[in-house]
Amino acid sequence: EAAVTDIMPPHMLQNIDMESKGRPMKSHAREQAYLPRLPIEKCEDKLVQMTRDTSILIVTGDTGSGKTTKLPQYLYKAGFAKHGIIGITQPRRVATISVAQRVAEEINCSLGSTVGYQVRFDDCTSQKTDIMYMTDGCLLRHSLTDPNLIKFSTIILDEAHERSLNTDILFGVIRKQFLSKHSPKRKYPLKVIVMSATLDIERLSEFFNTCPVVTIPGKVFPIKEKFLNLIGPRDKDNTAYIAETVKVTLDTHLNEPAGDILVFLTGQWEIEKACDMLFQKAESIDYRNDVYDSSVEGLLIFPFYGSMTTDQQKRIFHPPPEGIRKCVVATNIAATSVTIEGIRYVIDSGFVKQLNHNPRAGLDVLEIVPISKSEAVQRAGRAGRTAPGKCYRIYSKEFWDKCMPDHMIPEIKRTSLTSVILTLKCLEVNDVIRFPYLDPPEEKFILEALRKLYQCSAIDRSGNVTRLGRFLIEFPLSPNLACAVIKATSLGCEDLLLPVAAMLSVEHVFIQSGASRENKDFEESHKRLSSLAGGGNDFVTLLYIFEQCKSIDNPASWCHKNSIHWRAVKTAFSVEKQLRDITTKLKEMKDFPIEKSDVPRNDLMVHCLCAGFFSNVARRSVGRTFCTMDGNGSMVHIHPSSALFGQETNFEWILFHSVLVTSKIFVRTVCPIRYTWVKDLLPKLHDIDAYELSSVAREEVTAEELAKWNAREKAQQSNDSLEASL
Ligand code: ADP
Ligand code: MG
């Protein structure tokens, strides 16, 4: 029995116990328990040996082969944790937590002891932690205070194929380290493993000085793929895909034999809507008459997206009861980051939600876009893990040919780069243009980021990080928001800004026009709240909601009544606490500036917002349109969700938090400001040539060059004096 416990994860053991109902375990169940379950198990020795022998290694293998959960355990068993933590990065927060939880279960320890995780706003590690799952952003943060990563013996950069921004930066940071000499500060050289589902491995290996690659042989069952032609190129920009996806899911349930369904949709709202529709339709099925295969009689529906609680997520992995079909409606997270067993059918909507930089608006916006062909293949592959499967694509072959790119564009080429560039500058990477990027971002975006950082005074005229820049990088916030918070902390009024920053950091505080709720309800309650809050300032409304929820007895029901996501507010509570911890730490620093101000308290909040968001101000133009001051001079409209909507003509100047681009450019979360508050700041938007900041010209000089240069100068001087004496 003890041996079984070693190999089997606890929840599997439980299943076996239930099956055998206290009787001795059947012999075949025992055999099963001893058989290797995952493809990676055959490669354990090889992987450990290769890690010992090389400093950098690439490991690839199909999704679900056991890379993420098993490899860290192998290294741990082999003693790699003796010289430091084994750190594994993940691009996604949810996957980080879910995988850490799973591994803690597998080795039977409580989460936060031997196995822990660190994500933005949530640190679940301790002195005892040897295996640490973390987001790639967290590791970047670590490397700020510990450039040689002394805490770590091994770093595993997982999900390399996702090409997330932070992982890409880590590639460059690690490569730089390898090209430079071994740091005397490290006793043992750092081991680096890059893990990836199949991707351009050759290019990655080349990037790391043609390092060795281990491929885990996998077994995939055949998958039947079918284009259903429900969506064509002309449907690229509408939401018809949701209803079509629901329809196909239901057809699959009614017509296909047993096996679970995995549905790929785009985001929280779309998934909740689809689940609502599925619930309603599944309820009305008369199973005696409709189902052709009587072995499946019900549909168990689970949504699966990033902002769900971990308890909600856990249920997704449980096998469904006998005779019931499980249906998971997920974002792209289920494509590679996590594997759900038992999936036989994949329904692919063909879309994904992606953060894209919108140069017109100068901001990052979430957009729904067609997936790439390689992502579509990956999605289909989820159906064939344990048995032959089927993949239904709701779109047509024409959509595939015309709308879907071959590969996804790496995030670094799609997003604004401010925090990346600031991180690089803090890491003392002087030349941010010639940093070894696997895929260099366009130079104009780097320059835009530099300009933004200069505007926020995070870097100075010569491109060096300022004191403010070093404070700024402490905050997991956009530079604008971080600046506003720092200003408030300097002025001693952080109580006004921290809740607002926290509320702006969590998504969807207001329940949008959900499937079950009328749009009108939502708008009315939104209006009522903003007038209760004092009216005419969306930031103040957020503060009001936050404080209200903090002080009343039953915030959950208050939120429900007011169309507010209580879960989001709860998250904001924890974000606020962590931001507060950061500001407390900053205030204790000797060089943190404490300012006095004669601004009346009523104006303080907006005053601080101006310090951070002066690049997001606009002056009223004609009628209800406003013109931005950032040099683009875009014409923007106040979004209908704002308390200022409909009263535009009362305001001359406004400040906004974000931009939404549809047929028009809308600004969201808005407040009125006075010109005098931004007058002195606005020139900063225009007075610099960003090339000056990239410090291309300021390459480090070697000692030899310096000596030559000094000699030349001396010669020049003596020439000068010679000339003078003549
Ligand atoms: P890879 O990283 O190669 O894609 P993983 O290590 O993530 O593979 O997954 C290996 C197996 O572990 C999966 O097939 C799945 O069955 C199981 N697994 C992973 N995470 C969880 C979880 N949170 N709950 C239950 N099972 C999980
Ligand atoms: Mg993995």
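**Briefing: a ligand shell and a buried strand**

Ligand 1 is surrounded by 17 residues, and the closest are Lys67, Thr68, Thr69, Arg102 and Phe317. A residue counts here if its C-beta atom, placed from the backbone, lies within 6 Å of the ligand. This is a predicted model: local features need pLDDT of at least 70, side-chain atom pairs count only at pLDDT 80 or more, and totals for chains, interfaces and linings use all residues. Residues are numbered from 1 along each chain as its sequence is written, while chains are lettered from A and ligands numbered from 1 in the order written.

**Confidence**
- The protein chain has a mean pLDDT (the predictor's confidence in each residue, from 0 to 100) of 83, and 84% of its residues reach 70 or more.
- Where pLDDT is low, the predicted coordinates should not be read in detail.
- The scores are ipTM 0.97 and pTM 0.74.

**Around ligand 1**
- Helices H5 (67–77) and H6 (93–106) each give at least two shell residues.
- H5 supplies the largest share, four residues.
- Helices (H or I, at least four residues) and strands (E, at least two) are DSSP runs, numbered from the N terminus.

**Strand S1**
- Five of the six residues in S1 (residues 56–61) are buried, so the strand is largely enclosed by the rest of the structure.
- Buried means that 20 or more other C-beta atoms, placed from the backbone, lie within 10 Å of the residue's own.
- S1 runs parallel to S7 (residues 191–196), joined by five bridges.
- Isoleucine 56 stands opposite valine 192 in S7.
- Threonine 60 has threonine 215 in S8 as its bridge partner.

How values were computed: A residue is buried if 20 or more other C-beta atoms lie within 10 Å of its own, exposed if 12 or fewer, and partly exposed in between; C-beta atoms are placed from the backbone. Two strands pair if DSSP finds at least two bridges between them.
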